[in-house]
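Thanks for coming. Please have a look at the sequence and the model first.

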Amino acid sequence: MPSYTVTVATGSQWFAGTDDYIYLSLVGSAGCSEKHLLDKPFYNDFERGAVDSYNVIVDDELGDIQLIRIEKRKYWFHDDWYLKYITLKTPCGDYIEFPCYRWISSENEIVLRDGRAKLACDDQIHILKQHRRKELESRQKQYRWMEWNPGFPLSIDAKCYKDLPRDIQFDSEKGVDFVLNYCKAMENLFINRFMHMFQSSWSDFADFEKIFCRISNTISEQVMNHWQEDVMFGYQFLNGCNPVLIQRCTKLPENLPVTTEMVECSLERQLTLEQEVELGNIFIVDFKLLDGIDVNKTDPCTLQFLAAPICLLYKNLANKIVPIAIQLNQVPGDENPIFLPSDAKCDWLLAKIWVRSSDFHIHQTITHLLRTHLVSEVFGIALYRQLPAVHPIFKLLVAHVRFTIAINTKAREQLICEYGLFDKVHSRGGGHLLRERPGGGGGPGAAGLREGHLHVRHAGQEGLRLPRVHPDQGEAVRVPDCGNLHGLSPARGSELRPVRLVLLDPQCPPNHASPTADSQGCGHHRADCGHAARPWPLLLASGCSVGAEPVPGQ
């Protein structure tokens, strides 16, 4: 009778082993074997990191082995098992490897193909075509699309990290490392003190040294000692974390009225500014993406600010990039001067600090979050939904999207969510960014809003009533009178812009009215009853403005 040697490798992650019963079946071109229990007497099988071998004897010749079926059945209680791979030695002495690298939960059966990369056109046998189709159908049920918020790239359909499929969650070690590294960062950076510094005004430039007080490496010491210098400022555009915004200036922008006379003390080649542009020695960094963006207003006690600067850079005779002109906003004018190296030391330094702050916001929200994390997740989900494990592109890319979906889900749950970390420390904010998205649209009747004057009025003790602005939007919306209006802003240009009504101070029990006759009020809307303040989105069309009548007695 033919005998096969089966080698089973269990993952080395924490809790990867199992005490459950493991059954194996071989599917060949000439037939299928019965289920064989993989078990060795007086031996603890399938321990974490173990590689166990078993002899499987079959009654009849199976031909070329196409698939392996693995079934797990409960021993005492459900015990997840992480299977790395199975290697099969045939009676002819050939070795076939069947990679798995996933968790087997409950009493599931999984079917594995050998690890050779195959396109769909390579599958000539019906059973292989069927396996490819069923694998994709199963994955498409697990990995579903969801629009987390309008305008964001599509993400995985999971409300929180625990809803993710087990195979794309962090390994236990990775999760522990995540927590330990976070705690280490808190210790090294004195993060509690550092966060407090963000919530109050800094009194001296020496406060910056507090950030680096516990970091001791060459790079941080170099930055700490030279951060005020123009050479270090220009160096960071090419060698910092966001070297994607700097561009060679081929024409001076019309909204930056800088002249040769203004910057001639910085031009070392004794040429005009226009000649330096033609020679390719002038570079520009334009933060126009931040123009018109509302600042973070989640904490009414902390004023936040944003700039949308234009920074002109010069390649000097030493082949170093240095700044020669900075305008902090996009529209030139008397209230928006151009700062120069010849200005007072503190004025020039503060202008550079504003540019570096804007660079941070672009890097965090666009370069890093959007174009790295969120866009990569789209490819990751599509990879799992559309390509089987034997596809060569899947084998090539799967390692590069490992943990991408997991870390993004964590970010949506804790970082950029409403009242998350971005709302606490980021001048642009996180959760409220989603409700005040520039150019935002959507919602019933949003495309048909008419131009006109929208007035938010206080309706006595009935709460705040938003008048109907278009028939498509239905009846007026009633919002609980739980606080003050905050964060209202008119539309800009011709774009629709969401405006939010934030009900402040959710910890204070509001002075709320009894339920009205139409049951739209709430007589028990109190913080101590589990109710919380909520923002309410409101769309304004071009030309609209917002007004509010004062509340009597307040």
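Start at Asp-52, which touches Val-6, Thr-7, Val-8, Lys-40, Tyr-43, Asp-45 and Phe-46, leaving aside its neighbours within four places in sequence. Contact here means heavy atoms within 4.5 Å. Asp-52 sits in strand β5, residues 51-57. Helices (H or I, at least four residues) and strands (E, at least two) are DSSP runs, numbered from the N terminus. Asp-52 counts as buried because its relative accessibility is 1%. The cut-offs are under 20% relative accessible area for buried, over 50% for exposed, and partly exposed in between, with a 1.4 Å probe and protein chains only. As for Lys-40, its C-alpha is 9.3 Å from that of Asp-52, and the two are twelve residues apart in sequence.

Before going on, a word on where this comes from. This is a predicted model, in which local features need pLDDT of at least 70 and side-chain atom pairs count only at pLDDT 80 or more, while totals for chains, interfaces and linings use all residues. Residues are numbered from 1 along each chain as its sequence is written, and side-chain values use heavy atoms, with hydrogens and water left out.

Now the chain as a whole. There are eleven helices and 22 strands. Of the 554 residues, 42% are buried. Taking contacts between residues at least 6 apart in sequence, 65% join residues at least 24 apart. The chain exposes about 30500 Å², and 53% of that comes from carbon and sulfur atoms. Accessible areas come from the Shrake-Rupley method with a 1.4 Å probe, and for residues only the protein chains shown count as cover.

Back to one of the contacts of Asp-52, namely Phe-46. Phe-46 lies in the loop between β4 and β5, and at 2% relative accessibility Phe-46 counts as buried. What is its phi? Phe-46 has a positive phi of about 55 degrees, although it is not a glycine. Most residues other than glycine have a negative phi. Gln-270 also is not a glycine and has a positive phi, about 60 degrees. Gln-270 is in the loop between α6 (260-263) and α7 (273-278), and at 69% relative accessibility Gln-270 counts as exposed.

Next, salt bridges. Side chains of opposite charge can pair when their charged atoms come close. The rule is a side-chain nitrogen of Lys or Arg within 4 Å of a carboxyl oxygen of Asp or Glu. How many salt bridges are there by this rule? The count comes to 15.

One of them joins Asp-230 and Lys-352, with the closest N and O atoms 2.6 Å apart. Asp-230 lies in helix α5 and Lys-352 in helix α8, so the pair ties together parts that are 122 residues apart in sequence. Asp-230 is partly exposed at 21%, whereas Lys-352 is buried at 3%. In α5, residues 230-239, the buried residues are Met-232, Phe-233, Gly-234 and Phe-237. Their cover includes α4 (218-226), β13 (282-286), β14 (310-315), β15 (321-327) and α8 (345-386).

Helix α8 turns up again in a second pair. Glu-377 forms a salt bridge with Arg-412, the closest N and O atoms being 2.8 Å apart. This pair links distant parts of the chain, with Glu-377 in helix α8 and Arg-412 in helix α10, 35 residues apart. Are these two partners buried or exposed? Glu-377 counts as buried at 0% relative accessibility, and Arg-412 counts as buried at 7%. Arg-412 is one of the buried residues of α10, residues 404-415; the others are Thr-404, Ile-405, Ala-406, Asn-408, Thr-409 and Ala-411. What covers them includes β11 (155-156) and α8.

Glu-71 counts as buried at 13% relative accessibility, and Arg-73 as partly exposed at 35%.

Last, a surface patch. Tyr-21, Leu-37, Tyr-75, Trp-76 and Phe-77 make a nonpolar patch of about 600 Å². Patches are made of residues with over 30% relative accessible area and no salt bridge; like charges are joined within 9 Å, nonpolar side chains (Val, Leu, Ile, Met, Phe, Trp, Tyr) within 5 Å. Leu-37 is in strand β4 and counts as partly exposed, at 40% relative accessibility.
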